[in-house]
Amino acid sequence: MTTDASSPYSTGGGGVWIEHRYAATLVAALLTEDPISELGDDVVPHSVRLQASYISPIDDVVVEGSTRDGLVRRVSIGVRRDPDLTTSDEKSVPLVRSFLRVVAGHWDAVAAGRWRVALAVGVSSTAVQQTDALARIARSVSSAAGFRTAVQRPGAAKAAVRTRLKHLDALVVAAVKGQDDLSQVDAEELTWRWLMALRVRQMRLEGVDESDRSTAVSALRRIVADEATAAADDVFAHLAERSGAWASSAADLDQTMVRRELSGFPLVRTPSYRQAWSMLDGMADRLREGTRPDLRAGEVRLELDRTEERARLADLMDQTGRAGSGLVVTGEPDVGKSALTIRTAQQLTEHGAAVACLSLRDLPESVVQVEHLLGGRPLTDVFAAGEIRAVRLLVIDGAEAVLEGRRDLLRDIATAAFRAGLGVVGVTRSDGATRVREIVQSAATQAGRPETVAQHVVSRLTLAERRQLVETFHTLIRFSADTRADWLVGRPGLVDVLLRAGTVTETSTLLSEADVFVAVWNGLVRNGEEHLPGGASPDDREQAVLAVARRALKLPDSPPAAGASLPRLRSDAVLRAPANPAFAAGDEFATDLTDRFRMS
């Protein structure tokens with residue numbers, strides 16, 4: 001740990017108020033991904049530390065960013081309103097000593113351009129301007145001797161600037177006195193090193209000139225919803241207010257942490273995460289396309305409102321998104337959990353929520369592979385870079401895949417979402433509900449979310465909804481009259497696949513899921529034993545589906561699915577192409593029901 005850090009709180013002259021506003025401009029640049037002059041125009045900040053005496057002798061503010069070659073560049077900034085920088089300026093001696101500790105103790109990094117120092121001032125006095133002029137000369141030469149020669153060269157510096165150098169030399173001598181770690185380097189060498197590394201920054205944050213604040217607010221407009229100036233101004237005011245608390249706790253800020261802090265402000269996605277979110281949007285589209293909310297038979301189509309069930313779920317999802325907590329949505333297979341949850345997510349989005357949806361089955365097997373797919377970005381950072389709204393949710397469908405070895409993947413994804421401030425909704429069949437809830441709860445605890453994960457059980461269709469179903473699809477009338485078939489008509493997923501298979505009128509009795517599977521197998525997989533000219537035979541279709549099932553079960557010597565059968569099986573919504581061909585061996589089942597073929 002460094003010592004004798006030059007905090008304005010201890011040395012005077014800092015101006016706590018202006019320091020907080022200045023910190024807010026740096027944090028704004030962190031959010032908008034804009035360069036700052038102190039760090040260099042070729043580097044975008046990725047962290048801002050306040051009162052960072054644990055890493056830098058100059059501890060008011062420390063900013064870091066990555067250069068094009070992947071190395072980290074750091075600037076340690078001392079903040080003073082109006083330093084005298086004269087021989088008699090005792091207040092500046094601790095500040096100068098801190099500068100010298102950086103250039104003496106970390107000279108290799110300074111000389112390589114990886115560590116800079118900066119003096120941020122509120123008043124651009126003559127002394128500050130002359131110091132800045134000397135710093136520019138120091139950066140133009142490669143040695144202390146060369147610096148002295150350059151200063152004395154006719155026309156290089158005015159007499160007053162050369163006199164200022166004498167004052168700075170005197171401050172260096174005073175700062176070195178009694179300091180064993182600094183006295184080992186020649187005083188003139190220390191002066192040159194300091195000035196060579198120094199950037200002088202005039203803050204324009206008070207009085208009639210608040211242009212730095214205006215610049216920051218203008219930049220913040222790019223990341224607030226609708227580019228609203230009032231919202232951008234509110235964000236900056238909040239950053240300035242929070243800077244005091246951040247400084248008191250020696251905060252280490254990155255974009256993820258700050259965006260989580262701004263959960264009450266409407267922010268758009270971070271531009272540099274566009275590729276990652278494009279992939280996530282593609283996963284959401286794939287999930288929606290594979291989870292239709294309507295039932296169809298030929299030209300007849302019905303979309304059940306499920307008003308009461310959707311209202312209950314919407315209320316729970318809204319609470320989950322506001323609290324950043326967890327929710328497990330479960331129920332019988334094919335009761336419509338996924339369709340209902342996705343439809344509710346769309347409803348919340350239309351009312352201003354930020355909801356991301358994906359299927360656990362569409363993801364590679366490990367979080368490392370998922371992050372590779374998202375451009376090598378950490379998942380927490382990706383989620384934090386998404387839209388900021390009062391309600392923020394990640395919906396994870398197909399969560400019962402934890403029963404097939406995806407436990408760690410669900411836990412890691414949920415943990416990342418919780419850490420980014422999102423609520424997590426896991427959608428699972430009833431046989432996986434207990435395990436999914438345990439994993440989501442573990443993720444919440446790991447992310448510091450103490451709330452208990454809630455659970456919502458999606459019910460079968462109401463009597464009125466069943467009646468509407470039967471009135472729309474007349475082939476279901478005889479099932480509605482048979483009390484033994486209530487379980488079937490109340491589960492829209494089963495009804496949908498039977499309607500698509502075209503086997504309802506041909507089936508004399510459907511007393512169990514096994515009966516449904518036989519009917520669907522004969523109708524959808526074997527295509528009712530119909531063999532169209534130029535098309536795949538019923539046997540070819542069946543073997544293609546069995547090949548997918550064997551591969552999903554990881555059975556040895558599983559043959560590939562017959563290529564000629566795949567296009568029609570895809571169009572019949574039995575199979576679908578994998579979401580990520582690079583991480584998959586071939587086609588997969590298109591729905592939860594057809595996926596259960598492999599277990600039958």
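Axes here are lines fitted to C-alpha atoms, for helices over the stretch in contact, and angles run from 0 to 180 degrees between N-to-C directions. Helices (H or I, at least four residues) and strands (E, at least two) are DSSP runs, numbered from the N terminus. This is a predicted model, where local features need pLDDT of at least 70 and side-chain atom pairs count only at pLDDT 80 or more, while totals for chains, interfaces and linings use all residues. Residues are numbered from 1 along each chain as its sequence is written, and side-chain values use heavy atoms, with hydrogens and water left out.

**View 1. Helix α3 meets helix α7.** Two packed helices are described by the angle between their axes and the distance between the axes. Here α3 (residues 92-105) packs on α7 at about 80°, and the axes are 9 Å apart. The two helices are therefore roughly perpendicular to each other (65 to 115 degrees counts as that; under 35 is roughly parallel, over 145 roughly antiparallel and the rest oblique). Look for V93, V96, R97 and L100 of α3 against L171, V172, A174, A175 and V176 of α7 (contact means heavy atoms within 4.5 Å). Sorted by class, this contact has eight nonpolar residues, no polar ones and one charged. Ala, Val, Leu, Ile, Met, Phe, Trp, Tyr, Cys and Pro count as nonpolar, Asp, Glu, Lys and Arg as charged, and the others, Gly among them, as polar.

**View 2. Helix α7 also packs on helix α5.** Helix α5 (residues 126-139) and α7 (residues 159-176) cross at about 90°, with 9 Å between their axes. That makes α5 roughly perpendicular to α7. On the α5 side you'll find A127, Q130, T131, A133 and L134, facing A160, V161, R164, L165 and L168 of α7. This contact splits into seven nonpolar, two polar and one charged residue.

**View 3. A six-stranded open sheet with mixed pairing.** Follow the strands in the order β5-β4-β3-β2-β1-β6 (two strands pair if DSSP finds at least two bridges between them). At the edges sit β5 (198-202) and β6 (252-253), each pairing on one side only. Helix α2 (residues 16-32) packs on this sheet and touches β1 (44-50), β2 (61-66), β3 (72-80), β4, β5 and β6, its direction making about 150° with that of β1. Strand β4 (residues 115-121) runs parallel to β5, joined by five bridges, and A120 stands opposite R201 in β5. Lying across β4 and β5 is helix α9 (residues 187-197), at about 50° to β5.

**View 4. A five-stranded open sheet with parallel pairing.** This one reads β10-β11-β12-β9-β13. Its edge strands are β10 (354-359) and β13 (454-457), and each pairs on one side only. Ignoring direction, neighbouring strands are turned by 20° against each other on average. Zoom in on β11 (residues 392-397) and β12 (residues 423-427), which pair in the parallel sense over four bridges; I396 has G426 in β12 as its bridge partner. Helix α14 (residues 307-323) packs on the sheet, touching β9 (326-330), β11, β12 and β13, and its direction makes about 155° with that of β9.

View 5. A search of the whole structure turns up one cavity of 30 Å³ or more. A cavity is a set of points, on a 1 Å grid over the protein atoms alone, where a 1.4 Å probe fits but cannot get out; lining residues have an atom within 4 Å of a point. The largest cavity holds about 50 Å³ of space, a volume being the space filled by probe spheres set on the points. Around it are L280, M283, L358, L363, V370, L374, L379, F383 and I413. Helices α13 (274-289) and α17 (379-384) each supply at least two of the lining residues. By class, the lining has nine nonpolar, no polar and no charged residues.

Methods
1 Å grid on protein atoms, 1.4 Å probe; cavity = no way out; pocket = protein on both sides within 12 Å on 5 of 7 lines; lining within 4 Å.
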